Amino acid sequence: MAHLIPGKLRVSNDVIADLAGYAALECYGVIGMATTDEQGGVARLLPANKLRKGIGVSSEGGHVIVNLHVIVEQGVNMASVVSNLTSSVRFLLKQIAELEDVEVKVHIEGMRAS
Amino acid sequence: MSVANAIRTCFPLAARVVADRAEEINKLNVFPVPDGDTGTNMSLTLGTVVAEVEALPASASMQDIAKAITHGSLMGARGNSGVITSQILRGIAEGLCDIKGDEITPADIAHAFKRSQEVAFQAVRKPVEGTILTVLRDMASKADSLKKTKKSVFDVLDDLVVEAYESVARTPDLLPVLKENGVVDSGAFGFATFFEAFVSAVEGKAGELRDFDPTVEPVSAEDAKAQVASAVAIELNDDWEGSEYRYCTEFLFHAADESFDVDENLRFLSSLGDCELLVGAFPDFKIHVHTNRPDYVLRHMIHRGQIFEVFIHNMDLEAKDRTARIAADKAAAEKGPRKPLGLVAVAAGSGEEEILESLGVDVCVSGGQTMNPSTADILAAVEQVNADEVIILPNNGNIRMAAEAAAAACDSSHVIVVPTKSVPQAFSALFAIDFEASAAENAENMSDALSDVRDGEVTHAVRDSSAADGTPIHAGDIMGIQNDDILVVGSSVDQVALDLIVRMMDEEEGDTLTILAGADMADADFAALVGRIEEAYPDLDIESHRGEQPLYPVIFSIE
């Protein structure tokens, strides 16, 4: 039986990052999350268990900003992929964490040619 | 005519079929974001390809076509389905470039699909099953199993169409969100539609495509297609609202002779209604039109061939049914579903209401010391909750009578009043709630929880009077009140609140203090007060909130 459970729901930024990373992995055209080498400036693909390193989450009041650093497949329409990724992340966060006011910033750190 | 030319001619025809069905595909869109744009995105993506392909001369090589497809679909890709489609098309086009000789063989088709699968799957880290990608993979493995067959290329293509639809029909089993919504994946369906339209365009012009083996025996494949198509039956767009035409008319048509002119007949259909569609290849066509005169349509067509499988739906009636159903659903939703146990509480400020609602109260009635809600107000709130049993928390001694009267007057629910005297008391009571238990049990538990709670209020004196111990009080003084007795009198809210807490703690030590700031209490002052209390009682567990209640700068409870 679905009852209103008394209390408040707090979602930590790490969880938001995990959710966003999960949405990103399923997004068509996105190869994975990336971390950038500070010195060399070279983007490196992150393994699936370290996705958080490629995602920054900050919030102010109810406004959440999600920064995603991604690597995309070469030869896909990047504008479309970015817009798909943005809407997937916003939709997932709304569904699961009930966050309404989410701003998603996608940074394409690299392309993979195969 | 070569493979390149076949694609150049048939691709635009297939793209047009997808564009015609875009609205139907849009309706299926529930994944990954239910924004209802898959069909539109797909047809826009294909449209850019068509523009580039049609610009090529008839002598264009397969390499030119592949370039046009790759470039067009890359530039035009819109939405998820569009991006995936662009990769699929690029892979197939690349695969077809490798064909040696003029004739295309089943092995070439398998090779093209294999390449397409590679290209399409490398662009995603975690492919989701039950989407276009699944359909593509199923088609690729079907093509692979047929690469050494003795069947003609047309038969192989027909088999692939069947496989595509079967795979589409399986998508709801793979992706639960589709099953929930009772649809197949929109992108997958769109892609199967495109492929089927492409194949039938290729076969319908068999006479011109001499490079292909012309011995086609499509009957069995057609039957299978029809069966599978019925498994993925889609509600046709006969529930469109606001159409000026009443009848959705659909039938199959077999043209009597070659003089049948598709364009002329389409013009005739459009003169009688909208959403007209005449698809297929001579001599078999499917006709669909929204019109007020299905009799004219049938009479016109019957002079030009045979008609069969006629379906006529009255969209007006269906739309009315649907409107009525939606209205009924909406009415039910507004009242909220009937619950076993509901809660009504009286609150004096917006902050109090917010906290009470977060603790499980369904409806808050505004009220308080000087603005007692009427019995009717409370009764209305009880009705609004729409529950079998309702517990009322009056949160003030003065409101208890009105609440009891409302409880007695209510005949739609069994109502119990738990006589809370303040909002902090209500908080303690609400922590004792068990939504699975009956109202009577809950009322008992809540009353038990209340017996340990003592509360205090701090307010301004509005006229001269005297305190419990006889201290004179002047208008404007600050008073600390417990149980209707004025125990502390002073000039600052801070000091009075602290003194009152000290007196109550001396009387009996508590372990939790719940304190609410009134509307007139500034955040900084409130924080300072809480700080002083913490200093005085480091072991006390302090819950501080903004209650925004009027008149009382501070109310609190100790338990």
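User: A residue is buried if 20 or more other C-beta atoms (placed from the backbone) lie within 10 Å of its own, exposed if 12 or fewer, and partly exposed in between. How many C-beta neighbours does Phe198(B) have inside 10 Å?

Analyst: Phe198(B) has 21 such neighbours and therefore counts as buried. Please note that this is a predicted model, in which local features need pLDDT of at least 70 and side-chain atom pairs count only at pLDDT 80 or more, whereas totals for chains, interfaces and linings use all residues. Residues are numbered from 1 along each chain as its sequence is written, while chains are lettered from A and ligands numbered from 1 in the order in which they are written.

User: Where does Phe198(B) lie?

Analyst: Phe198(B) belongs to helix α10 of chain B. Helices (H or I, at least four residues) and strands (E, at least two) are DSSP runs, numbered from the N terminus.

User: And what does Phe198(B) touch?

Analyst: Leaving aside residues up to four places away in sequence, Phe198(B) touches Cys10(B), Phe11(B) and Ala14(B). Two residues are in contact if their C-beta atoms, placed from the backbone, lie within 7 Å. The C-alpha atoms of Phe198(B) and Ala15(B) are separated by 8.1 Å, although the two residues are 183 residues apart along the chain.

User: Which residues have the most contacts inside the largest nonpolar core?

Analyst: They are Ala20(A), Ala24(A), Val66(A), Ala14(B) and Phe198(B), in a core of 107 residues. Helix α10 of chain B (residues 186-204) contributes the most to this core, namely 11 residues. A nonpolar core is a set of buried Ala, Val, Leu, Ile, Met, Phe, Trp, Tyr and Cys residues joined through C-beta atoms within 7 Å. There is also a second, separate core of 72 residues, and Leu343(B), Leu359(B), Ile399(B) and Ala439(B) are among its members.

User: Back to Val66(A), then. What does Val66(A) touch?

Analyst: Val66(A) is in contact with Ile16(A), Ala20(A), Ile55(A), Val57(A), Val89(A), Val102(A) and Val104(A), where residues up to four places away in sequence are not counted.

User: How many helices and strands does chain A have?

Analyst: Chain A has two helices and five strands. Read from the N terminus, these elements follow the order α-β-β-β-β-α-β. Of its 114 residues, 40% count as buried. Among contacts in chain A with a separation of 6 or more, 67% are between residues 24 or more positions apart.

User: What about chain B: how many helices and strands there?

Analyst: Chain B contains 21 helices and 16 strands. Of the 559 residues of chain B, 45% count as buried.

User: How many residues does each chain bring to the contact between them?

Analyst: Chain B supplies 23 residues and chain A supplies 23 residues. On the side of chain B, the largest share is the seven residues from helix α5 (residues 79-97).

User: New topic: helix packing. At roughly what angle do α1 and α3 of chain B cross?

Analyst: Helix α1 (residues 3-20) and helix α3 (residues 38-54) of chain B cross at roughly 155°, and their axes come within 9 Å. That angle makes α1(B) roughly antiparallel to α3(B). Axes are lines fitted to C-alpha atoms, for helices over the stretch in contact, and angles run from 0 to 180 degrees between N-to-C directions. Angles under 35 degrees count as roughly parallel, over 145 as roughly antiparallel, 65 to 115 as roughly perpendicular and the rest as oblique. The residues of α1(B) in this contact include Arg8(B), Phe11(B) and Pro12(B), and those of α3(B) include Met42(B), Ser43(B) and Leu46(B).

User: And α7 with α8 in chain B, at roughly what angle do they cross?

Analyst: The axes of helix α7 (residues 132-145) and helix α8 (residues 153-174) of chain B cross at roughly 140° and come within 9 Å. α7(B) is therefore oblique to α8(B). Among the residues in contact are Thr134(B), Val135(B) and Met139(B) of α7(B), together with Asp159(B), Leu160(B) and Glu163(B) of α8(B).

User: Which helix holds Val162(B)?

Analyst: Val162(B) is in helix α8 of chain B. Val162(B) counts as buried because 22 C-beta neighbours lie inside 10 Å. Its C-alpha atom is separated by 9.3 Å from that of Met139(B), 23 residues apart along the chain.

User: One last thing: what is the phi of Asn386(B)?

Analyst: Asn386(B) has a positive phi of about 55°, although it is not a glycine. Asn386(B) sits in the loop between α16 (375-385) and β7 (387-393) of chain B. With 17 other C-beta atoms within 10 Å, Asn386(B) is partly exposed. Leu551(B), likewise not a glycine, has a positive phi of about 70°.
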